Amino acid sequence: MKPLSPNAVLGIVGGGQLGRMSAVAAARLGFRAHILTTEADGPAAQVAHAVTVGAYDDHDALRRFANAVDIVTFEFENISADGLDLLSSLRPVHPSGHILRISQDRIAEKTFLHDAGIPLAPFHLVKSESDLQVAADALGYPFILKTTRLGYDGKGQARLHAPEDLAPAFARLSPHPLVAEGMVDFACEVSVMVARNAAGEVVTFDATENRHRNGILDLSLAPARIPAELATRARGLATDIACALDLIGIMGVEMFVDRDGGLLVNEIAPRPHNSGHWTMNACPVDQFEMHVRAVTGLPLPPATRHSDAVMKNLIGPDDMALWPQVMATPGLLAHHYGKAQARPGRKMGHVNVLFPHGGLPGEFGVQDALGPLATPADASAE
């Protein structure tokens with residue numbers, strides 16, 4: 001793949017915050033970003049060179065978009081795979097539509113990973129209530145029931161604790177089929193951002209420890225506070241998956257660490273990822289620049305980290321009410337996504353806090369550094 005020349009146009013499908021930060025990274029490298037979005041004034045459109053407004057399955061809009069760009073990528077998975085196929089017939093698309101289809105469907109994703117020898121929690125396809133009973137008998141209680149498509153940030157799933165939970169959960173969750181997943185003897189969740197270009201160069205950022213609240217990522221700590229050998233294994237698994245997929249671009253790989261020190265891959269996201277936002281301030285080359293480099297054929301520099309970091313999401317009206325205090329607090333490196341409405345559960349921005357390399361503090365130190373965004377000691381987390 002010949003590297004894209006400066007002033008070439010990178011097309012980004014999707015107009016959210018990941019597209020916004022990718023467009024800024026593209027501009028730093030001399031590229032122009034053109035956004036295909038359903039929102040004329042969404043986060044990515046606000047910083048882009050050009051915008052095409054249209055549905056992701058609108059063939060006329062897709063053709064207009066393709067004719068205005070040199071290469072295409074995407075910023076989230078909930079787009080039309082058929083639309084991406086149309087774009088692929090007109091321009092190079094990275095990551096590929098094949099990878100998008102795998103990541104869009106939990107069964108396809110888990111089947112691919114299982115066949116590639118990647119460790120997973122046990123799972124069962126659930127097409128009917130009788131399938132759900134079979135899954136319950138095999139997995140035991142409690143277990144998780146999820147939609148196979150469109151679920152994110154805790155949506156589209158239920159935790160089942162007893163037989164009487166089966167029928168209501170099956171009726172409530174849609175579309176069918178669903179997937180049942182066994183519970184993990186959970187110690188923590190980690191993720192690894194892995195980038196690969198067409199030349200086969202692969203780099204991985206340090207493993208990151210993730211904490212969720214109400215099903216939404218709340219904090220990411222880099223590096224993850226796990227043994228070095230386990231962190232190396234996590235990065236190796238991410239590399240194995242990227243190579244098995246023939247990935248061109250960046251991908252987030254979420255994993256569970258069990259209490260025996262085992263690693264189980266939860267899911268993949270073939271695009272920049274919320275848990276990689278810490279790289280924007282703690283690394284010479286962040287996840288967004290690494291993604292742009294990968295999809296445009298540029299060399300991939302080492303994914304090094306000059307500082308330890310904590311990333312804190314700003315969610316909904318409660319966190320955004322603290323924006324004036326955030327801006328007045330030294331050490332809080334703020335990133336606003338430009339969204340007009342701070343709805344409950346909506347990601348409005350994030351802050352990064354840096355610490356000396358190797359100096360990530362304990363819990364009290366983390367919360368102290370977050371200042372007005374510190375989590376109350378009695379708040380419940382997932």
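**Close-up views of a predicted model**

At 46% relative accessibility, Met-1 counts as partly exposed, a label for values between buried (under 20% relative accessible area) and exposed (over 50%), using a 1.4 Å probe and protein chains only. Everything here comes from a predicted model, where local features need pLDDT of at least 70 and side-chain atom pairs count only at pLDDT 80 or more, while totals for chains, interfaces and linings use all residues. Residues are numbered from 1 along each chain as its sequence is written, and side-chain values use heavy atoms, with hydrogens and water left out.

**View 1. Met-1 and its contacts.** Met-1 sits in the segment before β1 (9-13); strands (E, at least two residues) and helices (H or I, at least four) are DSSP runs, numbered from the N terminus. Look for Ala-198: it is 197 residues along the chain from Met-1, yet their C-alpha atoms are separated by 6.2 Å. Setting aside neighbours within four places in sequence, Met-1 is in contact (heavy atoms within 4.5 Å) with Ile-71, His-94, Ala-198, Val-295, Thr-296 and Gly-297.

**View 2. Helix α10, residues 287-295.** This helix is mostly covered, with nine of its nine residues buried; among them are Phe-288, Met-290 and Val-292, along with Glu-289 and Arg-293. After α10 comes Gly-297, with a positive phi near 85 degrees.

**View 3. Helix α2 against helix α3.** Here α2 (residues 59-67) and α3 (residues 81-88) pack at an angle of about 40 degrees, their axes 10 Å apart. The two are therefore oblique to each other, the name for angles that are not under 35 degrees (roughly parallel), over 145 (roughly antiparallel) or 65 to 115 (roughly perpendicular). On the α2 side, the contact is made by His-59, Leu-62, Arg-63, Phe-65 and Ala-66, and on the α3 side by Gly-83, Leu-86 and Leu-87. Sort these residues and you get five nonpolar, two polar and one charged.

**View 4. Helix α4 against helix α5.** The axes of α4 (residues 97-104) and α5 (residues 106-115) come within 5 Å and cross at roughly 110 degrees, so these helices are roughly perpendicular to each other. Arg-101, Ile-102, Ser-103 and Gln-104 of α4 meet Arg-106, Ala-108, Glu-109 and Phe-112 of α5. That contact divides into three nonpolar, two polar and three charged residues.

How values were computed:
Axes fitted to C-alpha atoms, helices over the stretch in contact; angles between N-to-C directions. Nonpolar A, V, L, I, M, F, W, Y, C, P; charged D, E, K, R; others polar.
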